[in-house]
Amino acid sequence: MITGPALLLALLEGSVGAAVLALTALGLSLVFGVMRVINIAHGEFVMLGAVVAWWCSADLLGAHPLLGFLVALAVAPLIVGAIALAADWLVLRRISYDPERTIVATMGLLYIIQQGVLMSYGPDARPLDPPIYFRVQFPGFGYSGYKLIVAGLALLLLAATWLLLARTRIGLYMRATRLDSETAQAFGVPVKRVYAIVFALGAMLAALSGVLIAPIRGAHYLMGADPLLLSFIVVIVGGLGNLRGTLLAAACIGIGEGMISVLFSPTLSKIIATLLVAAVLVVRPGGLARGATP
Amino acid sequence: MLELRKITGAYGPVKAVDEVSLSVAAGEILGLMGRNGAGKTTLLKTIMGLVPKRTGSLLLEGEELIGLPAHAIPRRGIAYVPQGRRLFSELTVAENLRMGLLVKDAPQAEAERVLDLFPILRERLSQAAGTLSGGEQQMVAVARALCAQPKVLLLDEPSEGLIPAVTHRILDTVAALRERGVAILLVEQQVKSALRICDRIALIENGTIQHEAPARDLAADPVPLERYIGVHR
Ligand SMILES: Nc1ncnc2c1ncn2[C@@H]1O[C@H](COP(=O)(O)OP(=O)(O)OP(=O)(O)O)[C@@H](O)[C@H]1O
Ligand SMILES: [Mg+2]
């Protein structure tokens, strides 16, 4: 029997998951939409974000966990963005962003990052202290205040990314490049530089979601698989490269996934999400949402 | 203004444009005509740096442009109206024009000046460009290029797929740019329109220029037109 409080709890869990998932998937969707690159290593950027968060919390020993968390929020996207820039320059640019070869290349990147973390950080899953600890009382249960803050921060970052895309010159260049890269060049857009920036931005969004979930899920060198799978599902269901669709799909799948996990089982939620993709691909191959972006 | 010396452009091993030499002066309209697949679009793309392999010499007011990356060329003063319009279809009309303005960081006032040429577009500014009619889209394509404040304007079949009345309007607007000293290279398939607005016409076949003459002469003696584009009278 599912009670009211249980339902509310499930809805909360789902919403927090959805907000973080939207952040991760937005990065993947941007990279695919603008560059036509399917970034298999996207989940590793999430993992790197979590590992940096662990390092900050552990190495700023004695300091308040909140300080480590804030430092991680600033440092993780910088480190991971720099890694992405290097990968773009060393690998993707050299294979001319060819859609097929970049799949293999980013798969290679996935293993390099994973093994690099395994060798330096080790095989253990390490928990982090939540940066702030308080509970918010709901009818029938108390809920982690940190998780609510996570959802708020994720929404804030989504809004910031949206503003970047809709209001700035580089955002306009990204959208124009996505629609027609050759014509964009004919209007002075340095397309390769836009690609590099988009790849870094996608990685930074992933890293930020990694920092946000680290205090909830801990940090582990294999933790990138889950966000990668879910982001792919979201990006496919939302319509490849369609940012509005991505956000919509992240909301539906994130909330659905969270609710089913809480009320039934996490495995069941993954099964249902995967079946949903198959169904969407059959019924609406273009994705659920259609039309204008950003 | 713009001078091409033995310009060659190739996608792979095949040269779609082969040692073309042409020049366009300020305030002049040079027409480029030829059959389908003759290499007209490739020639314009080669000028814009959008063709992978290009050799020869391309001088804009005496400055060499070959060797510059494609994105640096518009800023030097060459604007492009591609075949098939190629608007950023999901962006609004205003954003499409902004793409033109950003080439030289021109102020919004420049867009207003351009919009005076196509006042209908004022009502469409916040609409996605892909939702406009064919004629309006072509106007946006020309307006977007003009927002880049070009010294040289390349137009690839702006009348393709439009009804004569609309074609007329657009070509008249283009012809009026002569007064501003813009050098214009116009690909135009309709002989009548081309003879009406061009000063000179170059005929291209298999990537090479076969014949070049003042439009007046071609109107008087259409033999070369018949030969290279197969018009009958
Ligand atoms: N992207 C490309 N890759 C390889 N070959 C191409 C490419 N684009 C055009 N070509 C070839 O180059 C030649 C010239 O084509 P181009 O498009 O320049 O002709 P066009 O004169 O503009 O024709 P149309 O009147 O149909 O527009 C053709 O043989 C065409 O097949
Ligand atoms: Mg053509």
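A polar contact is taken here as a pair of N or O atoms within 3.5 Å. In the predicted model, a polar side-chain atom of B:E157 lies 3.4 Å from an oxygen atom of ligand 1, so this pair falls within that cut-off. Two further pairs involve oxygen atoms of the ligand. A backbone N or O atom of B:G37 is placed 2.8 Å from an oxygen atom of ligand 1, and an N or O atom in the side chain of B:K40 is 2.8 Å from an oxygen atom of ligand 1. The surroundings of ligand 1 comprise 13 residues, of which the closest are B:G37, B:K40, B:T41, B:T42 and B:Q83.

In chain A, helix α2 (residues 42-59) packs with helix α3 (residues 65-92) at an angle of about 140 degrees, and their axes are 8 Å apart. The pair α2(A) and α3(A) is therefore oblique. Their crossing is right-handed. From α2(A), the residues in contact are A:F45, A:L48, A:G49, A:V52, A:A53, A:C56 and A:S57, and they meet A:G68, A:V71, A:A72, A:V75, A:A76, A:I79, A:V80, A:I83 and A:A84 of α3(A). This contact between α2(A) and α3(A) contains 13 nonpolar and three polar residues, with no charged ones.

The crossing of α1(A) with α10(A) is right-handed. By class, 20 nonpolar, six polar and one charged residues make up the contact of α1(A) with α10(A).

Definitions and conventions. Residues are numbered from 1 along each chain as its sequence is written. Chains are lettered from A and ligands numbered from 1 in the order in which they are written. This is a predicted model: local features need pLDDT of at least 70, side-chain atom pairs count only at pLDDT 80 or more; totals for chains, interfaces and linings use all residues. Side-chain values use heavy atoms; hydrogens and water are left out. Axes are lines fitted to C-alpha atoms, for helices over the stretch in contact, and angles run from 0 to 180 degrees between N-to-C directions. Helices (H or I, at least four residues) and strands (E, at least two) are DSSP runs, numbered from the N terminus. Angles under 35 degrees count as roughly parallel, over 145 as roughly antiparallel, 65 to 115 as roughly perpendicular and the rest as oblique. A crossing is left-handed if the near helix is turned anticlockwise from the far one by less than a right angle, and right-handed if clockwise. Contact means heavy atoms within 4.5 Å. Ala, Val, Leu, Ile, Met, Phe, Trp, Tyr, Cys and Pro count as nonpolar, Asp, Glu, Lys and Arg as charged, and the others, Gly among them, as polar. A residue is near a molecule or strand if one of its heavy atoms lies within 4 Å of it. A polar contact is a pair of N or O atoms within 3.5 Å; within protein, one must be able to donate a hydrogen and the other to accept it, and residues adjacent in sequence count only if both atoms are side-chain atoms.
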